[in-house]
Amino acid sequence: MSFSGIYQMETHENFESFMEAIGLPDELIQEGKDIKSISEIEQTGDHFKMTVTTGTRILTNSFTIGQETELESPTGEKVTSVVMREGNKLTSLINGIEYVTELIDTNILVNTMTLAGISYKRTSKRI
């Protein structure tokens, strides 16, 4: 199944607690908590480009499965990581945060970020 597509956030859980835990400033947390982000994924074989737009903030990461690459975290830090794929699930570890992006079916994308037992889950639907 291809990840390629545009997805709009339908629901999210534990946003404020998680963003506080990773050190995002309160004004950005308040600004982002009610915005429905848009995720655009372009997949060509093992190469991915993921763009997440939340209000005026745009976060873009490009990577190839299994290869070390520089990724930008939600706090804006650039870090080196490796993204792995297992079926319809992409995983990576960035600054102690475990990232999982899972294509549940052809229309539902679930992103989960976990740090020190605190998880943020975002469910998006293909548009």
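Colleague: Which residue forms a salt bridge with Glu 72, its closest N and O atoms being 3.9 Å apart?

Modeller: A salt bridge here is a side-chain nitrogen of Lys or Arg within 4 Å of a carboxyl oxygen of Asp or Glu. This is a predicted model, where local features need pLDDT of at least 70, side-chain atom pairs count only at pLDDT 80 or more, and totals for chains, interfaces and linings use all residues. Residues are numbered from 1 along each chain as its sequence is written, and side-chain values use heavy atoms, with hydrogens and water left out. At 3.9 Å, the partner of Glu 72 is Arg 57.

Colleague: How far apart in sequence are the parts that this pair ties together?

Modeller: Strands are DSSP runs of E, at least two residues long, numbered from the N terminus. Arg 57 sits in strand 4 (residues 57-64) and Glu 72 in strand 5 (residues 68-72), so the parts tied together are apart by 15 residues.

Colleague: Is Glu 72 buried or exposed?

Modeller: Buried means under 20% relative accessible area, exposed over 50%, and partly exposed in between (1.4 Å probe, protein chains only). Arg 57 is partly exposed at 33%. Glu 72 has a relative accessible area of 17%, so the word is buried.

Colleague: Which residues are linked in a network of salt bridges?

Modeller: Glu 72 also meets the side chain of Lys 78 in a salt bridge, at 3.8 Å from N to O. Lys 78 is exposed, with a relative accessible area of 54%. The linked residues are Arg 57, Glu 72 and Lys 78.

Definitions and conventions:
Helix = DSSP H or I, 4+ residues; strand = E, 2+ residues; numbered from the N terminus.
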